[in-house]
Amino acid sequence: MASEWPQVPLGEVITLQRGFDLPSQDRKPGRVPIVSSSGITDYHSEVGVAGPGVVTGRYGTIGQVFLVNEDFWPLNTTLWVKDFHGNDRLFASYLLRTIDFMSCSDKSSVPGVNRNDLHRILVLLPPIPEQRAIAGVLGALDDKIEQNRRTAGALERLARGIFRAWFVDFEPVHAKAAGATFFRSMPQPIFDSLPTKFTPSEIGPVPEGWDVKPLYETAHYINGAAFRSEHFCNPSDGLPVVKIAELKSGITSQTKFSNRVDLDPKYQIDTGELLYSWSGSPDTSLDTFLWTKGKGFLNQHIFRVVTRNAAHKHFVYYLLKHLRQPLIEIARDKQTTGLGHVTVADMRRLKMCWPALKIFEGFAQRVSPIFESNFNLMMESERLAEMRDYLLPRLLNGKVRVENSND
């Protein structure tokens, strides 16, 4: 029974150590991941800590826990486990996820925690065999989530490759102009409808009969609403307010909730919405997302991207993914105090090729199975994460025991 487990201070299970300063000007290109309070954010040539290791945020973003399987450099916004005191490393990473970091926060506008306060928190400590069994159950769920992530990444690379071939490099049109009678990634009726000539445009030669549009006119881009402290409520009384942190990490203990009834319905989102975050740290915040977390309110600095139909949605999704780096560069040019942004004016100036309607339909026919498979993997990972998060506290407090864990 869990009553057999001793209750000890966290500091007797693991010793946490503050990370190291590493200003951006001192970083040298390399393969050593730099871990901040929000995860891996850069790479460096020098090793700060020999891996594998466990890192959590102590300043800014707190409460997230990262298991790093290689040598790494923990930044000074983090705490890393210096000593596991013989305990299972993976178990320790899950144990940290059950800690109430906010109880050790100074509650300032930028939250932070003190490692000495964390060390004093009392936790239950199962024997090593049971630690490994608990970690095995939770780790199997996380392994499947990681496998889904890799598969989804491969599928997305495939679809993005098709997008680039059709709409950036115009490979099928070039092939038809050179006398080809088919193109490997394009349905035959779509290939047959292609022109064989290019016409000049403001962005260079484009296939005859195709158009050029500003990015801002490829969909209806709805910026999120502004929220103030008085708009927030208890989680049970409202919907999550979706900020960039939620796009990256999902709904967490730090997510704010609101029950505002004065908001236009256009600010409410649901599973399957296409979103684009246009402000923040350029390299880590500006990106395109498919929302999978259910109903919520969209916060400012994120566009809800509304398209005419599924075919347009597929096209605009991969278009925004293709334009991620140019948009990052636009934001970086206006970067102040580490933050940058893309404006509506920027999106009006950024032009791209807009294909004929039949080509839209052909692209949707080609990539919709990939798009749907990718989305289904994301949804399966959501369910697995919910199962993990349900089991996590129950396994760690002994309410759920792992069968034959002592065998």
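**Strands, salt bridges and cores**

Reply: Strands β15 (residues 239-242) and β16 (residues 257-258) pair in the antiparallel sense over two bridges. Strands count as DSSP E runs of at least two residues, helices as H or I runs of at least four, both numbered from the N terminus. Two strands pair if DSSP finds at least two bridges between them. This is a predicted model: local features need pLDDT of at least 70, side-chain atom pairs count only at pLDDT 80 or more, and totals for chains, interfaces and linings use all residues. Residues are numbered from 1 along each chain as its sequence is written, and side-chain values use heavy atoms, with hydrogens and water left out.

Me: Which residue in β16 does P240 stand opposite?

Reply: F257.

Me: And what is the strand order in the open sheet of five strands?

Reply: The order is β14-β16-β15-β21-β17, and the pairing is mixed. β14 and β17 are the edge strands, each pairing on one side only.

Me: Where is H231 found?

Reply: H231 is in the loop between β13 (220-223) and β14 (232-233).

Me: Buried or exposed, H231?

Reply: H231 counts as buried because its relative accessibility is 13%. The cut-offs: buried is under 20% relative accessible area, exposed is over 50%, partly exposed is in between (1.4 Å probe, protein chains only).

Me: What is H231 in contact with?

Reply: A226, F257, S258, N259 and R260, leaving aside neighbours within four places in sequence. Contact means heavy atoms within 4.5 Å. The side chain of H231 also makes a polar contact with the side chain of R260, at 3.5 Å. A polar contact is a pair of N or O atoms within 3.5 Å; within protein, one must be able to donate a hydrogen and the other to accept it, and residues adjacent in sequence count only if both atoms are side-chain atoms.

Me: Switching topic. How many salt bridges?

Reply: The count is 25, taking a salt bridge as a side-chain nitrogen of Lys or Arg within 4 Å of a carboxyl oxygen of Asp or Glu.

Me: What does R304 pair with?

Reply: The side chain of R304 meets that of E273 in a salt bridge, 3.2 Å from N to O. This pair links distant parts of the chain: R304 sits in strand β22 (residues 302-306), E273 in the loop between β17 (268-269) and β18 (274-277), 31 residues apart. Both R304 and E273 are buried.

Me: How far apart are the closest N and O atoms of D117 and R120?

Reply: 2.5 Å, in a salt bridge. D117 is partly exposed because its relative accessibility is 28%. R120 is exposed, with a relative accessible area of 55%.

Me: Which residues are linked in a network of salt bridges?

Reply: E156, R160, D287, K321 and R324.

Me: Now the largest nonpolar core. Which residues touch the most other members?

Reply: Of its 51 residues, W166, L215, Y221, Y276, V305, F315 and F363 do. Helix α11 (residues 357-396) gives the most to this core, with eight residues. A nonpolar core is a set of buried Ala, Val, Leu, Ile, Met, Phe, Trp, Tyr and Cys residues joined through side-chain atoms within 4.5 Å.

Me: And what does V305 touch?

Reply: Not counting residues up to four places away in sequence, V305 touches A219, H220, Y221, L274, L275, Y276, V316 and L320. Another core, of 38 residues, lies apart from the largest one; L96, F101, C104 and L396 are among its members.
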